[in-house]
Amino acid sequence: MTEITSRRGLLFGAAAVSAGALLTGCTSNEPTDSNDESAGNDQPVADDKPGKQVTIGFAGPQADHGWLNAINDNAKSRAEKYSDVTLEITEGSNDTAQQIGQIETLINKKVDVLVVLPADGKALTQVGLKAMRAGIPVVNLDRIFNTPQAYRCWIGGDNYGMGLNAGHYIGEKLKGKSGARVIELAGLDNLELTKQRTQGFDDALKNYPNIKKVARQAAEFTVESGQAKMAQLLQAQSKFDALWNHDDDQGVGALRAIEQAGRDDFLMVGGAGALSAFQAIKQDDGVLKATVLYPPTMAASAIDLARALGQSKGIGGLAEFEIPSSLTLYSAVVDKTNVDQYMSTGFK
Amino acid sequence: MTQPVSPPRDSSTDKVPTAESPAWRGLLARADVRTLSLLGVLAALIVIGGITKPDEFLDTRNLQLVLTQASVIGVVTVGMTFVIVSGGIDLSVGAIVALASVWATTVATQEFGFAGILFTAVVVGVGCGLVNGVLIAYGAMVPFIATLAMLASARGLALQITDGKTQIVTVPSVLDLGERDAYVLGIPPLVLVFAVVTVIGWLVLNRTTFGRRTVAVGGNPEAARLAGIDVRRQRLYLYLLSGLCCGIAAFLLIVLSGSGQNTNGNLYELDAIAAAIIGGTLLTGGRGTIVGSVLGVLIFTTITNIFALNNLQSDVQQIAKGAIIVAAVLVQRRTASTT
């Protein structure tokens, strides 16, 4: 009896080891033709000439989402571009206490400039203030602090504008169509930015009396939730003319649901600017016709601003001696006509 | 199995004394009164759905949709039911689904095609279950802690593999399985897998020694040990089983969403536990039914479906979901105590 057990154990052990060996070979995600060059490298830089050495501290949230990952990549590759910039990057964290600790470490290291993308803007205001009081200028990236005293410059996307531009694009496409029906697949409803996007979208649609928004469901920025919510929306609305999806990541799931339901009788507009969305728009063989940007290149621009701050310079193209205190980026609509230009900024 | 403490043969279905008319006897003898009350809740939901959205809700495509959406979490819940019946808990199911789904959709794995993806998903699931089981059974760790640790590490590893990126599946045979053309007699393949897992789960829990041992270990581990059951080995097997279910669920999720993402399986642990509890599984172990758990899953999925069809927003959905959990448990308790 014991012999049988041990033989079985041996067999099982051997199977487990070989399965393990097979599997570890499978964690690789490197495509055969790796072309991972990040977007930041492709844009012209205002002033490439090396200047005073600047150490920039960068703290962001955990990159568990395509867009956030692109933020880190953009910041890193932009910093590498400058011989006069040293980037001190922290391990991203979604935990407020941990991110505060990381920023305090950067303050103690006496970096010249801080770039902070807070996991939660309001909760990190104090540490922003602390850095400013210690004489370290802060570039606040995207999620805004409670008070302008906590940053020297804020740069970020325009959530309201994103909805607005999506609404206008759809409005123009459906112009002249009476009784047009539009649906909205929103992002995580717990976030203020989702409400702002929806507000912008609704405000834009008010300009088009022929359009009515007939349904809205919120997904969670994940492929899984995008598939699930879109499948329900498709079942609920047997006929509609256009769909705006807040986020291209969840859009992967939404497109899957659309394909599974065999529907192609409407126009879809995405959000954020993922590479897969750009590719689908370029191919132009599905419902996805456009996407509204929420550009992750803002992290590259934040490095530019931080470098300019560290070298006490203004930025090219503006007459002022200083960099602005606030920069809201434009949410451009990318469709077939201009997708090539944006392809390199698409994130995975 | 003649030990004084070993539970009666059918304790897992919790026999109810039959006081009703003889016509009901046969049915009641077999079906648990809790299960009947769950069916009542489900029927009520179907009536609500049918009244509010007759065209969209009472539709073959909607039935296919609800069952498909229930499949992934349903398979996880079957495994979870076994673990809870044995007096344990598995908090790592969502994280294991995430890890298995991203490991199985890496560029390297996808080169091996359909079989590679399926194999990887299942083996990663079983592997995580093995680690859980060894830590709990032989490392004498509390299940709550061991699986919490697995939750953290598996999510971390999933993030490391994907680097936060969405891994899109390009293997046609995997994608095709989620399409309408793959339906067998109108039944989506995902639903078939869910049904098979449910039937096997029911058979194992109710008709095998393994099932009886599971109930015994959950009811009174010390008595089970005295009765000659290898409690530790039984526990190891149970977490392996839960891991296996997670691996299968991960594969279903890959087919369904056409991708692998480290955010997959978000909060599955809570959904699976909630469905099992609604289904009448005791959180302290020793009692539980597969049928109840599956009904619990179907109730949740139907609620979500009705809300979405009626265009109710997530705030309302969450409030109502909480209320319905409480209501379902209260109704069950009342029916169970009055009969």
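## A domain in chain A

Let's start with a label: UniProt, in an unreviewed entry, places "domain: Periplasmic binding protein" at residues 56–311 of chain A. UniProt positions are given here in the numbering used for this model, feature names are shortened, and annotations may be inferred rather than shown by experiment. The end C-alpha atoms of that span lie 11 Å apart, and the span is 46% helix and 20% strand. Helices (H or I, at least four residues) and strands (E, at least two) are DSSP runs, numbered from the N terminus.

Some ground rules: this is a predicted model, where local features need pLDDT of at least 70 and side-chain atom pairs count only at pLDDT 80 or more, while totals for chains, interfaces and linings use all residues. Residues are numbered from 1 along each chain as its sequence is written, and chains are lettered from A and ligands numbered from 1 in the order in which they are written.

## The sheet in chain A

In chain A, 6 strands make an open sheet with parallel pairing, in the order β2-β1-β3-β4-β5-β11. Two strands pair if DSSP finds at least two bridges between them. At the edges sit β2 (85–89) and β11 (326–328) of chain A, each pairing on one side only. On average, neighbouring strands of this sheet are turned by 20° against each other, direction ignored.

Zoom in on β3 (residues 113–116) and β4 (residues 138–141) of chain A: they run parallel and are joined by 3 bridges. Which residue of β4(A) is the bridge partner of V115(A)? That partner is V139(A). Helix α3 (residues 96–108) of chain A packs on the sheet, touching β1 (54–59), β2 and β3 of chain A, and its direction makes about 170° with that of β1(A). Helix α4 (residues 125–133) of chain A lies across β3 and β4 of chain A, at about 155° to β4(A). Axes here are lines fitted to C-alpha atoms, for helices over the stretch in contact, and angles run from 0 to 180 degrees between N-to-C directions.

## Chain B and its helices

Chain B has 16 helices and 2 strands. Of its 339 residues, 54% count as buried (20 or more other C-beta atoms within 10 Å of a residue's own; 12 or fewer is exposed, in between is partly exposed, with C-beta atoms placed from the backbone). UniProt, again in an unreviewed entry, lists "transmembrane region" stretches in chain B, including 33–51 and 114–135. Residues 114–135 of chain B are 100% helix, with end C-alpha atoms 32 Å apart.

How do α4(B) and α13(B) cross? Their axes come within 8 Å and cross at roughly 175°. That makes α4(B) roughly antiparallel to α13(B) (angles over 145 degrees count as roughly antiparallel, under 35 as roughly parallel, 65 to 115 as roughly perpendicular and the rest as oblique). Among the residues making this contact are V72(B) and F82(B) of α4(B) and L241(B) and C245(B) of α13(B).

## Where the chains touch

The contact takes 40 residues from chain B and 40 residues from chain A. Two residues are in contact if their C-beta atoms, placed from the backbone, lie within 7 Å. On the chain B side, the largest share, 4 residues, comes from α4(B).

## Two loop residues

D163(B) has a phi near 60°, a positive value in a residue other than glycine. D163(B) sits in the loop between α8 and β1 (167–168) of chain B, and counts as partly exposed because it has 16 C-beta neighbours inside 10 Å.

L185(B) also has a positive phi, near 50°. L185(B) counts as exposed, with 5 C-beta neighbours inside 10 Å.
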